[in-house]
Amino acid sequence: MRFTNFCSADPVCSPSRAALLTGRYPTRVGVPRVLFPQDRDGLKLDETTMANVLKARGYKTMCIGKWHLGRPAEYLPTSRGFDEYFGIPYSNDMNPRVLMHNTEVIEETANLETLTGRYTGEAGRFIAESKGSPFFLYMPHTFPHIPLAASQRFRGKSKEGLYGDVVQEIDWSVGEVLQSLKRNGLDGNTLVMFSSDNGPWYQGSPGKLRGRKNTTYEGGVREPFIARWTRRIPPGRVSNALASMMDVFPTVTRLCGGAMPSKPLDGIDIWPLLHGDRRSIDRQPLLYFDNWDLQCARWMDWKLHIARHNTAAYTPAPPGGRRSYLLPKPELYNLASDPDESYDVAPGHPDVVEQIQAKIGAMIKDFPEQVLQAYAEAKARAADPNTPTGAYPQPVKQ
């Protein structure tokens, strides 16, 4: 089943991965921003990961690829429910670019040209060795994050430059993993899910969606998502239902008979969508943050932008620094008819604006203090009331 309205919980890598593995908003689990090698913390140690749940159920667990949820040993995969780890523990544009096996550095500078092939080989080995047991393989590929590299086998083969070569090799890798399942007689009893952590950065295309990585427009948060289970999920179907990366945790936990964590989840069980029993599931709005700053909320086909920073990420900060402002007028978009968020329909739907704002107000009360403080500070900043729709807000001119 292919989903057309599947959303990450954040438009950058560390927070979205934290949400996937915990089923909770990244601002709840201590990962509101991208982590760096020098950071001494990571995903909160009192959070339960999907690997923790499945390992407790007797699953063999392995993470292969980009971890990016903390570099110190207590934050690495082998301390978070995974029996084994192989990969670069953060983004490949960060230094030192070490390749690790478990907690040991096996290459001081990882060879990027061989990386996808080595990841794929490790996946095949793990599947073959685990076929007598239930297993969980989490395989977040390093690419197509920059700097890009492809093996000699794929270099120059895509006719779309190096980026195309990298994507083609990842496609090959997915095929090899599926073949490993077939060779080991596991194809009919394995749930396979494929997605991405955020929208495209320097290369790649968000299609008709507005925005890219680092933005809470749909181009930054709406992701491809395909789920395959040959005996349980009807083939060849498309779901337009709203779903979130946070939904993977509760769905997998229930399917595997795992124990839900004591902390409340923000994701929901979407098995009725995957199985084809339901076409949609009622849910609370999905909230989107930029660091600790609440920016917008999606509810069904509606997207309400309530705040925005005064400049884009990775651009020079204006005088006084990069700050989030509540928009003088919230912007409402109907994503069913306007997926690129071009036409603000708030003036014609004040009832929808009011409903979503009320839901946001109720939901945000139990978020961490940093979120509440950032929200209060955004409200206290006076934005220029003449800010055009879709523009970065600026302070009131004195």
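Which residue lies over the face of W201, and at what distance from the ring centre?

**View 1. Charges over aromatic rings.** K213 lies over the face of W201, at 4.0 Å from the ring centre, and R210 lies over the face of Y217, at 4.2 Å from the ring centre. A charge sits over a ring if NZ of Lys or CZ of Arg is within 6 Å of the ring centre and within 35 degrees of the ring normal. This is a predicted model, in which local features need pLDDT of at least 70 and side-chain atom pairs count only at pLDDT 80 or more, while totals for chains, interfaces and linings use all residues. Residues are numbered from 1 along each chain as its sequence is written, and side-chain values use heavy atoms, with hydrogens and water left out.

View 2. S14 is found in helix α1, residues 13-22 (helices, H or I with at least four residues, and strands, E with at least two, are DSSP runs numbered from the N terminus). At 0% relative accessibility S14 counts as buried (under 20% relative accessible area, with exposed over 50% and partly exposed in between, for a 1.4 Å probe and protein chains only). The side chain of S14 reaches the backbone oxygen of H68 at 3.0 Å, and a polar atom of this side chain lies 3.1 Å from the backbone nitrogen of L35.

**View 3. The surroundings of H309.** H309, in strand β12 (residues 302-309), counts as buried at 5% relative accessibility. Its side chain makes a polar contact with the side chain of Q295 at 3.5 Å (a pair of N or O atoms within 3.5 Å; within protein, one must be able to donate a hydrogen and the other to accept it, and residues adjacent in sequence count only if both atoms are side-chain atoms).

**View 4. Aromatic pairs.** A search of the whole structure finds 15 aromatic pairs (rings of Phe, Tyr and Trp, the last by its six-membered ring, with centres within 6.5 Å; planes under 30 degrees apart count as stacked, over 60 as edge-to-face and the rest as tilted). W67 and F82 form an edge-to-face pair, 6.0 Å centre to centre with 85° between the planes. Both residues lie in the loop between β2 and β3, so the pair ties together parts that are 15 residues apart in sequence. Both W67 and F82 are buried. The rings of F289 and F367 have their centres 5.5 Å apart and their planes at 40°, so this pair is tilted. Ring pairs also link W67, F82, F136 and Y138 into a cluster.
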